[in-house]
Amino acid sequence: MDASVDVASTPAAIEHYNVGNDFYQLWLDASLTYSCPLYAGPDDTLHAAQLRKLDYHIEHARAAGAKRVLDIGCGWGSLLDRLVNTHGVEHAVGLTLSQQQADLIRSRHLPRTEVVLSHWAEHRPAEKYDAIISIGAFEHFAHIDQNRTQRVQAYRQFFAHCRDLIKPRGRMTVQTTVYELMDRLDPFITGKIWPEAQLPRLVEMVEAADHIFEVVAVDNHSEHYERALLEWAANLAAHRDEAIRVTSPAIYEEYLRYLKMSAKAYRVRGFSLQRLTLQALPAT
């Protein structure tokens, strides 16, 4: 890894997840999955769509039945749970920077699961992984003050490190929000919700992966995220009093505004939601 390139550590963004587990349990689905789901149709439930999304990544990463799988940005553990309890993975490792997330996962006592409080760049396992999955973390791999060249360098570091972690020809999936018609986040978002966050562009990701990972597939599921954000906003509004009790009136109002703003950004394609499937190339 080139030490001259500044790797985003995103400590400020982690405060977003440390608002409190009780708060997120009020408006996320039962699996506590905080990322874009994959709906099957208009009558599908949020919970079923989240499980389908997890299965999508497991299938595309060829992770089912694998010996070792890494989840970069593991949230509250829904993917780890799905890997070991549904898809027979022998050992699942989740990386998070949030102590609250790690504590909740550990309290669930998931079998054959390890939770590590670590930045991806610092993760040095003794044994390589069969597959890597990263859902909703890529948005924090660059700083808002970096130019395009610096962002691509930071993303390239991520892909190079992942290739070091994975077995030859192993597959990785990445899910992230990317810029489409917009080119910057609203100051309210970076000031109140996601400090220092910076979205990539799809072309930057592909350029950064060049000669490191082969891009096997790219799926755009933007309409699914608009729907989920509106469902989350409705759930939060329905639990207004409880949300204020476990946080504050200001946090409740900020999150409701953020969810509605984000849904609009997807509707007008300021953002899009991309799911990439990649396969490791031999190091040259």
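**View 1. Surroundings of Trp27 in the predicted model.** Leaving aside residues up to four places away in sequence, Trp27 touches Tyr34, Trp232, Asn235, Leu236, Tyr255 and Leu259.

**View 2. The largest nonpolar core.** This core has 40 residues. Those with the most contacts inside it are Tyr24, Trp27, Tyr34, Trp232, Leu236, Tyr255 and Tyr258. Two or more residues come from each of α2, α3 (46-60), α7 (187-193), α9, α10 (240-246), α11 and β7. The largest share, 8 residues, belongs to α11. Another core, of 31 residues, lies apart from this one and includes Leu70, Val116, Met205 and Ala280.

**View 3. The largest pocket and its lining.** The pocket holds about 420 Å³ of space. Its lining is made of 25 residues, and Thr177, Trp194, Tyr258, Ser262 and Phe271 lie nearest the centre. By type, the lining divides into 17 nonpolar, 6 polar and 2 charged residues. At least two lining residues come from each of β5 (166-179), α9 (222-238), α11 (249-267) and β7 (271-280). With 5 residues, α11 gives the most to the lining.

**View 4. Helix α5 (residues 99-107) and its buried residues.** Gln101, Ala102, Leu104 and Ile105 are buried. Seen down the axis of α5, the buried residues fall within an arc of 165°, so they line one face of the helix. They pack against α2 (21-25), α4 (78-85), β2 (91-96) and β3 (113-117). After α5 comes His109, which has a positive phi, near 55°.

Key
Residues are numbered from 1 along each chain as its sequence is written. This is a predicted model: local features need pLDDT of at least 70, side-chain atom pairs count only at pLDDT 80 or more; totals for chains, interfaces and linings use all residues. Side-chain values use heavy atoms; hydrogens and water are left out. Buried means under 20% relative accessible area, exposed over 50%, partly exposed in between (1.4 Å probe, protein chains only). Helices (H or I, at least four residues) and strands (E, at least two) are DSSP runs, numbered from the N terminus. The arc is that of the directions from the helix axis to the C-beta atoms. Contact means heavy atoms within 4.5 Å. On a 1 Å grid over the protein atoms alone, a cavity is a set of points where a 1.4 Å probe fits but cannot get out, and a pocket is an open set with protein on both sides within 12 Å along at least five of seven lines; lining residues have an atom within 4 Å of a point. Grid points are joined across faces, edges and corners, and a volume is the space filled by probe spheres set on the points. Ala, Val, Leu, Ile, Met, Phe, Trp, Tyr, Cys and Pro count as nonpolar, Asp, Glu, Lys and Arg as charged, and the others, Gly among them, as polar. A nonpolar core is a set of buried Ala, Val, Leu, Ile, Met, Phe, Trp, Tyr and Cys residues joined through side-chain atoms within 4.5 Å.
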